[in-house]
Amino acid sequence: MLTFIAELNGLDTWSTDIGNAYLESLTREKVYITGGSEFGDREGHTLIIVKALYGLKSSGLRWHERFADVLRSEGFFPSKAEPDIWMRDKGDHYEYIGVYVDDLLIFSKDCLSIAKMLEDEHCFKLKGTGPIAFHLGCDFGRDDDGVLYYEPRKYIDKMLDNYKRMFGTFPKPAASPLVKGDHPEMDTSELLDIEDTKIYQSLIGARQWVSQIGRWDIATAVMTMSRFRAAPRKGHLERVCRIHGYLCKMKYGAVRVRTQEPDFSDLPIKHYNCEATCYTSAAEAIPDDAPRPLGKPIVMSSFHDANLYHDMISGRSCNGMLHLWNKTPIDQYTKLQGTVETATFTSESISAKTCTEQVLYLRTSARYLGCPVKGPTYIFGDNESVVNTCSIPHHKIKKRHTALAFHKVRECIAAKAIRYYHIAGKSNPADILSKHWDMPSVWDVLKPLMFWREDTADLIKDQDSETPVSTPSLSRGVEAERFQSGLDGVPEQES
């Protein structure tokens, strides 16, 4: 979010690391040692520890309090969207500092002055200070046209090296994280022993982090395989190795921070008569304690989908959502639904409700970050019956939990917080986050979001032809050719 806001408002992005951060704060724990010979004249004395040493239970909290006091003294205040995001009003924009223990991201038009303030006035020892190139396992760079992108390239390379040390060879390249329609929960192969279980858990942990820092295309596969960490089977380990093979083959994916506003002017604005209904006075709950909005506005759009009977044992469907700010993917979600639904209609309804709740969260988060939110959020789903039923305020629903889902969506539509539209299934990127797919079926929507260098393709395709409006060039030349050539000969559905 902060990276997008910085690019949108012309702020520089720097990263830095505070050396020996815990030792910059004092501990409240009662800790002492008896001096040894290395203490000279103080040998045998009781020496009280006053620094927040690494390894003490409360050192993390003590450092957080110490750094919070420093930032408050410099005019920063924590955002209610996330307490480790610190903001400072600069008149026409906000400066931000994102804190992850001792790793900082600085977003400002004068990042150098903030870094100097931390060094000179507060005597912190900063390391690696400068324009962002690497942060928390993620590489940052700019395309030839200046668009900022981030990708876990080095982290994936490190994963490949670890994989080779574990298995003696690199993984076999794969064109998708899992085979289309796969059901790992039905696997009956032998259980792994303790050592192989540890390997499985290590591989899953690494893939979870990769999916969080940009590679949302493996999120559904990682979510599915994470459920077997306690007692994995041999077949589960083979599937996790396949996920690694997919990252090995398709490791050139990146999230590009595109700040141009999407053009939704061709979408019809549907007006429904909410008088004499329970939605008459519906209004979006806008926080009254949010900081004043500064900078350029954000146009939000979201895609959702549900895969009926995703889990063959529990019978639960899988939700998938992808949220964009302007043309940049900001957040993704993939998870089994909490109830068993017996029809696509009801599972898609639950998915629409969950997506709406996340949209409201994102709109509130943006406001607490001081960003103007432009108009309603555009939500797209590929079940036209659900879209129409959710939008019409007089439609009756009999099942109670489904009715509550419809009420949530309808009320937000009546409050003009969202607009809900139908999109063709082949054009819905949320499919990637709700089911196990093969590359030919998702390439047209995955490519513009993760592998195109230029503008994002218009995902709202012509409903008759279902062909993209434009076909921008692929990303970064030779690298694009390498993974593109790997797609040649991929069957429509792998065996």
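**Figure 1. The largest cavity of the predicted model.** About 50 Å³ of space lies in the largest cavity of this predicted model. Its lining is formed by Ile5, Asn9, Leu11, His93, Tyr94, Tyr96, Leu294, Gly295, Leu369, Gly370 and Cys371. Seven of these lining residues are nonpolar and four are polar, with no charged residue present. The count of cavities of 30 Å³ or more comes to two.

**Figure 2. The second largest cavity.** Residues lining the second largest cavity are Pro177, Leu178, Asp217, Ile218, Thr220, Ala221, Lys435, His436 and Trp437. By class, five of them are nonpolar, two are polar and two are charged.

**Figure 3. The largest pocket and its lining.** A volume of about 1,500 Å³ is assigned to the largest pocket. The lining comprises 43 residues, of which Met1, Trp209, Gln212, Ile213 and Ile330 are the closest to the pocket centre. Two or more lining residues are given by each of the elements α1 (2–8), β6 (94–100), β7 (103–108), β10 (138–142), α5, α6, β15 (328–336) and α8 (344–368). Strand β15 supplies the largest share of the lining, eight residues. In terms of residue class, the lining of the largest pocket has 26 nonpolar, twelve polar and five charged residues.

**Figure 4. Packing of helix α5 against helix α6.** Helix α5 (residues 194–212) packs against helix α6 (residues 219–226) at an angle of about 150 degrees, and the two axes lie 10 Å apart. The α5–α6 crossing is left-handed. On the α5 side, the contact is made by Tyr200, Ile204, Arg207, Gln208 and Ser211. Helix α6 contributes Ala219, Val222, Met225 and Ser226 to this contact. Five of the contact residues are nonpolar, three are polar and one is charged.

**Figure 5. Packing of helix α5 against helix α7.** Between α5 and helix α7 (residues 234–249) the packing angle is about 35 degrees, with the axes 10 Å apart. The crossing of α5 and α7 is left-handed. From α5, the residues in contact are Tyr200, Leu203, Ile204, Arg207 and Val210. Their counterparts on α7 are His236, Leu237, Val240, Ile243, His244 and Leu247. The α5–α7 contact has eight nonpolar residues, two polar residues and one charged residue. Tyr200, Ile204 and Arg207 of α5 take part in the contact with α7 and also in the contact with α6.

**Figure 6. Confidence along the chain and the segment 461–495.** The mean pLDDT of the chain is 90, and 91% of its residues reach 70 or more. Over residues 461–495, pLDDT stays under 50. For this segment the model has 67 contacts beyond four places in sequence.

Methods:
Residues are numbered from 1 along each chain as its sequence is written. This is a predicted model: local features need pLDDT of at least 70, side-chain atom pairs count only at pLDDT 80 or more; totals for chains, interfaces and linings use all residues. Side-chain values use heavy atoms; hydrogens and water are left out. Axes are lines fitted to C-alpha atoms, for helices over the stretch in contact, and angles run from 0 to 180 degrees between N-to-C directions. Helices (H or I, at least four residues) and strands (E, at least two) are DSSP runs, numbered from the N terminus. A crossing is left-handed if the near helix is turned anticlockwise from the far one by less than a right angle, and right-handed if clockwise. Contact means heavy atoms within 4.5 Å. Ala, Val, Leu, Ile, Met, Phe, Trp, Tyr, Cys and Pro count as nonpolar, Asp, Glu, Lys and Arg as charged, and the others, Gly among them, as polar. On a 1 Å grid over the protein atoms alone, a cavity is a set of points where a 1.4 Å probe fits but cannot get out, and a pocket is an open set with protein on both sides within 12 Å along at least five of seven lines; lining residues have an atom within 4 Å of a point. Grid points are joined across faces, edges and corners, and a volume is the space filled by probe spheres set on the points. pLDDT is the predictor's confidence in each residue, from 0 to 100.
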